Amino acid sequence: MSAATTRSRTPDRLCAEAVDLARVAAEEAAAPGVVGEHVGVVSEGDRVVTHFFECKELGYRGWRWAATVARASRAKLVTLDEVVLLPGPDAVLAPEWVPWSERLRPGDMGPGDLLPTDAEDLRLEPGFTGEDAPPPNSPVSHEMADLVEAEDAEVTEGPPARFATAPSRGSIPAVAEELGMRRARVLSRYGLHTAADRWEEAYGSKTPMAQAAPASCVSCGFLTPIGGSLGQAFGVCANEFAPADGRVVSLTYGCGGHSEAAVMPKPPRPAPPVIDETRVDPFPLRPSADSGSVPATTDEESAELGHS
């Protein structure tokens, strides 16, 4: 054990008494009026002491201004070492930094944003690779490599599918591209399961909407089937008035917009009018004098007002 570690941690008397020197230094480093009361002193070593002052600046609750002073051996003059703002035991600190890939949430992407995928992403697995095609993890394809040698083009890391190079006609990659199989990576079994769990949680049988639905989507005429293995359990809703319009829904999901839940009856047609053309009903052009609610009168003033 070294001698430095065996020395006393008792604060040096002269350094501990230099509170005014430490306060002046802290006030010079801080904004006016944010250095508060003296809250403590700590010995950092032989003739090295740190004075702590309360920080009154907004947004720094629990932080302290730390002014470290020291003096040389056998000297009585105390000098300033440094002034910093440090968090106290009850300080409000920022949360621990989390990588962006773990902070990303669905819906965070906007127009123009790019979302790179990890080369070892468990949701993906290598797609089709022909014998004359480079592996999916190759940075360039053979065609791009030829362009690099001929034109000295810049090459960036990435799968071959990122480069707009057409494969030779008749080659295995060309046939694979015509069949829709020329993808560097495809969904793995893990990626399929995670997607199915996510869709089942959002639009599945356990949601409140499905619990109150009169029937499930498997019998709805608005359900559009999808291909692949996911088509056995999911489809796409095509009802513009349904809450899941345009989304992948479980076949066990349901809502009040089911096509067969309630068929709207046809409105009753009114009976055609009956016209009797065999008789004539006379209608007088002028009403009789005793047909109104006001009795007939011969008063000229009343006649002028229209009472007749």
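Visitor: Why does Cys-237 count as buried?

Guide: In this predicted model, Cys-237 has a relative accessibility of 12%, and since buried means under 20% relative accessible area, Cys-237 counts as buried.

Visitor: What makes Cys-237 a residue that is in no disulfide?

Guide: The nearest cysteine sulfur, that of Cys-255, is 6.0 Å away, whereas a disulfide requires a pair of cysteine sulfur atoms within 2.5 Å, so Cys-237 is in no disulfide. The structure as a whole holds 0 disulfides.

Visitor: Is Cys-55 buried or exposed, and how do you know?

Guide: Cys-55 has 7% relative accessibility, and because the cut-off for buried is under 20%, Cys-55 counts as buried.

Visitor: How do you know which parts of the model call for caution?

Guide: The predictor's confidence stays under 50 in pLDDT over residues 1-7, for which the model has 2 contacts beyond four places in sequence, and pLDDT also stays under 50 over residues 147-156, for which there are 8 such contacts. Where pLDDT is low, the predicted coordinates should not be read in detail. For the protein, the average pLDDT is 78, and 72% of the residues score at least 70.

Visitor: Which residues have the most contacts inside the largest nonpolar core, and which elements supply at least two residues each?

Guide: The largest nonpolar core has 16 residues, and those with the most contacts inside it are Val-35, Phe-53, Trp-65 and Val-69. Helix α3 and strands β2 and β3 each supply at least two residues of this core, the largest share, 4 residues, coming from β3. Apart from it lies another core, of 11 residues, among them Tyr-203, Cys-217, Ala-242 and Tyr-253.

Visitor: Why is Thr-68 called buried?

Guide: Thr-68, which lies in strand β3, has a relative accessible area of 8%, and because that value is set against a cut-off of under 20%, Thr-68 is called buried. Leaving aside its neighbours within four places in sequence, Thr-68 is in contact with Val-48, Val-49, Thr-50, Leu-80, Asp-81 and Glu-82.

Visitor: What makes Arg-74 exposed?

Guide: The relative accessible area of Arg-74 is 85%, and since exposed means over 50%, Arg-74 is exposed. The place of Arg-74 is in the loop between β3 and β4, where its phi is near 65°, a positive value in a residue other than glycine.

Visitor: How do you know whether Pro-32 is buried or exposed?

Guide: Pro-32 lies in the loop between α3 and β1 and has a relative accessible area of 80%, so with exposed defined as over 50%, Pro-32 is exposed. The C-alpha atoms of Pro-32 and Glu-57, which are 25 residues apart along the chain, are separated by 9.7 Å.

Visitor: Why is Arg-189 called exposed?

Guide: Arg-189, in helix α7 (residues 189-202), has a relative accessible area of 64%, and because the cut-off is over 50%, Arg-189 is called exposed. Arg-189 and Arg-123 are 66 residues apart in sequence and 7.5 Å apart in space, C-alpha to C-alpha.

Technical notes
Residues numbered from 1 in each chain as written. Predicted model: local features only at pLDDT ≥ 70, side-chain atom pairs only at ≥ 80, totals over all residues. Heavy atoms only, no water. pLDDT = per-residue confidence, 0-100. Contact = heavy atoms within 4.5 Å. Buried < 20%, exposed > 50% of the residue type's maximum accessible area, 1.4 Å probe, protein only. Core = buried A, V, L, I, M, F, W, Y, C linked by side-chain atoms within 4.5 Å.
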